[in-house]
Every structure is written in structure tokens, then in C-alpha cells.
Amino acid sequence: MIYFFIALVIFSMVAMIGPMVYFEYHNTIERSANEVSVISLIQKERISDLLVKYTDYLTDVRDDINFAGLAPGAGQTAASGEAGEEINREFEHYLARFWQMHGLVVTAADGALLAAAGDADFKNELLDPALAQLRRQPFKKISVIDVAGRSRLITSMEIKSGEQVLGVLSAIFKIDELENIVHDYTGLGETGETLLAYRLPNGAAQYLNSRRYEQQAVVGKVVAAEDKLPIITALNNRESQIKFASDYRGQSVLAATRYLEKADWGLVTKIDRYQIFQPFYQIAYVIAIVLFLLVIGGGLLSYFLSRTFTIPLYRLIKIAEKIKKNEFDFTSAVNLPLMSGEFGLMAETFDEMVAAIKQSRSGIESKINEQTQEIITKQQEMESQKTAILNVLEDVEEEKTSAQIERDKNQLILQSIGDAVFALDANRRIILFNQVAVNLTGYSASEAIGKRYDDIIKFIDERGGAVIDFIETVYTAGQVVKMPDQIVLIRKDKTRIPVDDSAAPVKNAAGEVTGCVVVFRDVSREREVDRMKSEFISVTSHHLRTPLTAIRWYIEELYNGELGKINAEQKDYLSQVIESNWRMIKLVNDLLNISRLETGRLTISPEPTSVVELIERTVKEHLPLAKAKNCGIVFAKPQKTVPKISIDGTLIGQVIDNLVSNAVKYSTGVGRGCSVAIKLEVSQTDIIVSVKDQGVGIPKKDQHRVFERFFRADNVVRMETEGTGLGLYIAKMVVEASAGRIWFESDEKKGSTFYFSLPLVGSKFHQGETRLTKI
Amino acid sequence: MKKSYKILIVEDDIKLQKVLNDKIVREGWKVAVAVDGEEGIRRIEESRPDLVLLDIRMPRMNGFEMLEAVRKKYGRKELPVVVLTNYGEADNVSRAVELQAEAFMVKSDHSLDEVVGKINNILSK
């Protein structure tokens, strides 16, 4: 209570004093800023007046003396020239009139002193080279220079005869009068100070006066342009500024800056921050002492007050504790010290209560003994029953453990498999999710389990970006489904990992699909290797083209007789070279196409196209060659009009071309007469094209490899027909990239029929970087 | 009547350069040759060719860089250009179209007669 009271007092004091201090703080700053600003303005005016006065003196001298006799470059000196002598005398006159003037000189354009006069000190300074430099560039009307180690204030003017400049007249003043103004600290208090500086050519400032706190330092101390001292601000800002800053001592000060246009000087008037806030520090000191005394005094007061309350209560508690332990060996509460007033009454009542408790305790004891005996007997009975139950439980536990071990074992196997595994129930909900699956997908097992798989796991086609739901196919088809090529998994963080593998159904005894197990693994490395391989093929193929072209062009020229007649045998030989060369070119083209297809760089640009026209064009191209081989090609055009579909005509044209040329190639020389039949059917959803031949057919054992690259069946290899084994591989990739399918039926020695289908809805556009070279 | 043309061959492969050169000479036309884009630009100023056969991949300045420079001075009709390269990728084709080449031919896919035919075609228009 007492602490609360003290806290309240302190709080209200702070609440009252706080705003007062705050406003007074700001008022003080404002007041001080005004004072400093006003004083700095007064200083500026005083200095300006002084400079005007000095300039007026010089004007008088210039206007009154005739300098015409001083011809520039005539080699006169102050000592020798006649005109110089005359002027020197005049100078003496003015020096006596204007006692502040220390000396007067006239310098020629080349720096030579033409005339000079001054007081005793000045005569000693006459030989100082600084005087000869009064005509330095740029010419300054008012400047400060060091002459023989002392700072002198100089006012200068050009003296002219008509337009011709005869020289520079300068009046030299001791700097004392200026110093007196600057060192006048009236109104600035004990820390106030005024600083005056002029600008050096490099932007630095040089002090004109000695500093209040740096008496021993030279007057001409230089402050670099980069320094943030107020004196630099003063030189660079025509407007007066007033602000807190750090001065040359590193002390925080309130500084007003002024710029003196007349002389290009900077003026700073400042007082220490400490000086402004001194009254505040005193008040704060007093408040701190008062608060400290309040806290100490309040603490002591509360301690003594609380003692009179707590001590009697504490003694009563002691007695109560003894009663609890059944110890009644204490004197009555009334006799305790400090038990007076209300506490006395309380002690009396307490004693009565103790007496009552004593009495009742003695009766209870015998009853308790009886009941305890009863409890012990009951407890023994229960103990024997418990043993029996425990035996039964142990048996059950054993059963449970072996099932648990089995389950743990399965779990362990799945967890330690190197591939990602997850299992689904009949509702497509995830019921198992192993560690590798966690690593690959980025979802934790607890996040995944219980969710529908398609809520969190997405497999897409790397090339097109379409979502590939091969898992659903497992449920509908009821068989193992391998992932299509070039699948990537979208991870939780939206990054992509190339994956591969399969999904298998889980079936119950009745053969119904009750779940699905999906296994997949990270194939980033394999894909990368594949990509590098394609890249390599692409680079090599391009390089092969140059020498192949050279061979082609040179040989063709020879063959065409451009370089002279060749005989029939030579011509035959050359035609063999030409054919081999042509096959190599075709192989290189195929390789390039494959590398483009495999790396997904192929552009597919669908346009409404008539497949009928594509077929007719191909047939027309192949007929002459086929006829030469006694081969017929028949295209059974459908009766109904076939709709145009949106496909890449060039690509699909190449597929048809490949199928027809294969059909012709593998039908000749079989001895059955050669005929190729092309059909086009339109189903509800697709256009289906078939190319049927009665050629060699494909042996059963080779059929599953027909669409592999570089594959050529044994029987065609024996036929010694040319071929790279790449045509069907490319055809398959093109058809699939166009959203179609390609397949075949074949009997060895009876012939083959190749089919491909294209959806009526057409293919999607795919922006790659390349198009297929003509196959 | 067969006119005598002047053809500039810009090609860094010496063997291809020679066979093209010989072929064009046999056609009865005049030839100038350059081994890269920089030389190609100089030759255009020196010999004022009627048509340029231009390779793409060349050291120093490639064919497209050269064509870009040439097009700042000569329009499509003023100086027809046939791009003759082994890099038949679609973006190269579209770049050639952008730079107003008259034709784009993949070297290994065409005979010299076809190249000459193309030149005749373009220049007789």
C-alpha cells in the first residue's frame, strides 16, 4: 500500500514536471538561438563597417595622390624612382592622418614595389615577399596575408591611367581592430565565441583570429573543406544558418553562421550547448535528490509500519502450525508480546479455539485405529486380485508387441528405401509418406498424410507445363503406370525437380483397386547428362556440316563435268561418293533434329491444316521413285470432308513422308509386288492416318524397340537398305509433341501398318528456339 | 541475254570459299572474297558487288553484325544478300529476315547449282 502511494507521488511528479521541462527545453533553445543569431548579425555589421571604413581610407588615398608618374615596367623602386620618392612622401601624410593604417604600397604588374611607406614596424616588413604578391590572381579587394609572420588585413585597388593599369595600391592594416570586434564576447556568456575565416583556393577555410580556447595556436589555422565545422558552412551559404554542431574542440555548440559578401569571409558565432542547458542540469540534480530521499524515507516508514502488523500475525501462524502437528506445548497467545488492541482480542479467541481442538482430538484417535485395521484387510484382498489381472494383461501385451514389430519393420523398410515412396488409399488420400518423399517434395510427413495427393503433389511435363496425372490412370486402369518422359515434380517451395519412376495399384482379394503406391526418384543428374549429350550432338553436327558441304560441292562439280569430261566408270565412282555424302548429311540433319526435340527447343506453331492435302503432297513426291521400283501408292480419300485441324503442317508432313518412304523402302525386293495403302479416318475426337505395306514386316522380338533411336530390325539390316534408324524415333517425338499418338501392327513377312492419330482440337503452340530441318 | 554480275563471297572456310569462287567464275561472273565481316564491309566499298553470299559464323565480325552495318547504308534492293550458313535454327532465319536478306540457305542441304540458281533468280528480277 505504502509502495503504491510512493509510486503514485513519483508518477504525478514526473507527469507534472515532464511537460514543463519539455516546453522549457524548447523555449530555451529558441531563446538561445535568437540571442546567438542577433549577436552574430551585430558582429557581422561591425566587421562590415570596419571594412567599409578601411576601403574608404584607401579610396581617399587613391583619389588624392597623382600616380601618373609611375610608369609600369620602368624599373623604379621605392628607393630610387623620383616619382616613387614623391609618392612616398604623400603616403607619410596619409599614414599620419589614418592612424589605423600600418603601411601603404604600390606594386607593379610584375610584383615589383613601386612605392611604399609605413610605420616603424612596417619598415621591417618591407622586404617580405608577401607584399610583392599583392597583385596576385584573382585580384581581391580585401584579403588577409601573413607579412613577416604576422597577419595583416589588406585592402587593395587598381590604379589606372585612362584604361591602362599602372599597378595596385594597397593599404595594410594591423589586424588588432578586427580582433577586438571578434573577441568581444558581450552577450555570449562564459563559453561564447566568434570565429572569422576566409576561403582558400581549395575551398578550405583559414582562421583570421585566434580562438578563445586555442590561444596558443596560430591565427592562420586551416580547416579542410571536407570538415563539417560551422565555419565551412558559413563560407558556403549566403543565408545565415543556426544549428547545433560540433566545433573545432569537438564540443557540441549552438552556432550561427554568417557570410560576409564584401570580403568573402565566413563568420561563426557560437555558445556551448552545455551553457544553454546548465540551468536544466541544476534542476535535474535537485529533482533526483528529492526523489532519492522520498524513496529511502518511504521505504523506512513502510518497514516500521508493517512490523506492527506482521509480527503478531506471524506468531499466531507459528501456533497454528504446531496444532497441525498435534503439538500443544505452547503458552497461550494472549501472553505474547505486541498482542494489544485488536490483536489482543484476536489472541483471546485464538486461545479458545485451541482449547476446543485439544478436546476433540483425544476422542477421534481410538476410532481411527479401528478403521485403519479394516482398510489394511481390504487392501490385501485387492492386491491378490491385481496380480491375476496383470497376468492376463501381459499375455495381451505380447500379442500387441509382435504386431507392432511387424508394422515397424515395414515402416523401416519404406523409410530406408532410397526412392521416394508414398501410398494412397481408395479415396486418393495419402496414408504413407517416407523420408525421401519428404526431402524431394518439401512437405513433412504430417503435412502430407491425410491429404488428397493432388492437393500437394503435382507432376508436370517439363516441356509444355501441362499437369500429368498418371496416378489417376492407376485407379482407372488398375495396372502399373510408368511416368511419361521429362516429368518434373513441383516442390512445396515451387522449385522443380526432374523425376522418374512409376505408380502401382494396391488390390484387394476381389481384384478391386483399394490404393496406390507411387515410387519416384530425383533424376536431375540423368536429365543433365541427357541435356549435355544433346548439346554435344548439336555442336558436333554443326561442325560436321562444313566439311560435308565441301565434299558435296567439290564432288558435284567433278561429277557434272565442270572440270572436264569424265568417263562412265569415274562417274559411277563419284556417284557412290555423292550418295554416301548425302547419307551423312541426312544423318547429321537427323541428329540435329533429335537434339532439338530432346531438349525441348523445337517450336511447334499450329495452323489450320488439311491433313488430306499433306498426304496428297507426299504421295505426289514419292510416286516417281516408287514407280521406278514398280511400287504403287494408293491414298483412299474419305467421302466426307475432313475438317482442317490446328497442327504444325511442316512437322506432320515430315511424319507422313517418313512413314510412306519406309513403306516403299521395306516393300521392294520382297517378291510380293509392292503396294502401299494410305487411309485417313475421322473418329469423334481424332484424325487417324494409317500407312499399310506388304513388306518385310517387323520380327516379334524387335517390335518393342521400333521407336528407339538408331534401332533397325535384323531383317532390314540384312536388306542393306539405307537408313539411320532415326526416322521413326523422330516421328514419334513429333507426333507426341503435337498431342497425338503413334503405333503399329506388324507380322514378319506379311507387312506392317503404321498409325498415328491427331486430336481434332489440335496441338498447342510451343515456343522453342528451333524448327526441324527437313528430314 | 546473260548479264555479268559481280558477287561478293564472305566465307571464312577456305575450301568453301574456293569452290564457290570457282563456280561463280565458271558462270562468267566477277568475284570478290572476304574472310570475315570486317573485310566484307571493305570489299563492298571497293568492288560494289551486285549481290553478297554471306556466312554467319565467322571470326571477328560475324555475318549478322556485318549485315546490320551494311543495311545502314544499302537497302534491300540496292544490295541483295543471300545468307549461306550451316546454322539453320529458326532464330537465325528470323534474324536474316529482319535484316532483309533475300534468301536463307543451309549449305549442306543445297548443291552449288541451286546456289547459283538462287543468285540468278534474285538478280534477274
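Strand β9 (residues 241–246) of chain A and strand β10 (residues 252–260) of chain A pair in the antiparallel sense, over six bridges. Two strands count as paired if DSSP finds at least two bridges between them; strands (E, at least two residues) and helices (H or I, at least four) are DSSP runs, numbered from the N terminus. Five residues lie between the strands in the hairpin of β9(A) and β10(A), and there A:Gly250 takes a positive phi near 85 degrees.

A word on how to read the names and values: residues are numbered from 1 along each chain as its sequence is written, while chains are lettered from A and ligands numbered from 1 in the order in which they are written. Since this is a predicted model, local features need pLDDT of at least 70 and side-chain atom pairs count only at pLDDT 80 or more, whereas totals for chains, interfaces and linings use all residues.

Now step back from the hairpin to its sheet. The sheet is open, with six strands in the order β8-β7-β6-β11-β10-β9 (chain A) and antiparallel pairing. At its edges stand β8 (222–223) and β9 of chain A, each with a single partner strand, so one side of each has no neighbour in the sheet. Further in, strand β6 (residues 193–199) of chain A pairs with strand β11 (residues 265–272) of chain A in the antiparallel sense over six bridges. Within that pairing, A:Tyr198 stands opposite A:Trp265 in β11(A). Helix α7 (residues 273–324) of chain A packs on the sheet, touching β9, β10 and β11 of chain A, and its direction makes about 25 degrees with that of β11(A). Such angles run from 0 to 180 degrees between N-to-C directions, with axes fitted as lines to C-alpha atoms, for helices over the stretch in contact.

What does A:Ile231 touch, leaving aside its neighbours within four places in sequence? A:Ile231 is in contact with A:Leu195, A:Ala197, A:Ala205, A:Val223, A:Gly266 and A:Val268; a contact here means that two C-beta atoms, placed from the backbone, lie within 7 Å. A:Ile231 also belongs to the largest nonpolar core, which has 59 residues; A:Leu104, A:Val105, A:Ala171, A:Ala197 and A:Ile231 touch the most other members. Helix α1 (residues 2–64) of chain A gives the largest share of this core, seven residues. Domain 1 (1–64 + 183–279) and domain 2 (66–170) of chain A both contribute residues, so the core lies between them. The domain bounds come from an automatic or database domain assignment.

Apart from this core lies another, of 43 residues, among them A:Tyr666, A:Val676, A:Ile698 and A:Tyr729. A nonpolar core is a set of buried Ala, Val, Leu, Ile, Met, Phe, Trp, Tyr and Cys residues joined through C-beta atoms within 7 Å. A residue is buried if 20 or more other C-beta atoms lie within 10 Å of its own, exposed if 12 or fewer, and partly exposed in between, with C-beta atoms placed from the backbone.

Five of its six residues are buried, so strand β12 of chain A is largely enclosed by the rest of the structure. Six bridges join β12(A) to strand β18 (residues 513–522) of chain A, and the two run antiparallel; A:Val421 has A:Val519 as its bridge partner in β18(A). β12(A) also pairs in the antiparallel sense with strand β13 (residues 430–433) of chain A, over three bridges. There the bridge partner of A:Phe422 is A:Phe433.

A:Val474 is buried, with 23 other C-beta atoms within 10 Å. A:Val474 and A:Cys516 are 42 residues apart in sequence, yet 7.3 Å apart in space, C-alpha to C-alpha.

Chain A has 18 helices and 25 strands, and buried residues make up 28% of its 775 residues. Chain B has five helices and five strands, which run β-α-β-α-β-α-β-α-β-α from the N terminus on. Of the 125 residues of chain B, 40% count as buried. The mean pLDDT of chain B is 90, and 98% of its residues reach 70 or more; pLDDT is the predictor's confidence in each residue, from 0 to 100. The model scores ipTM 0.92 and pTM 0.43.
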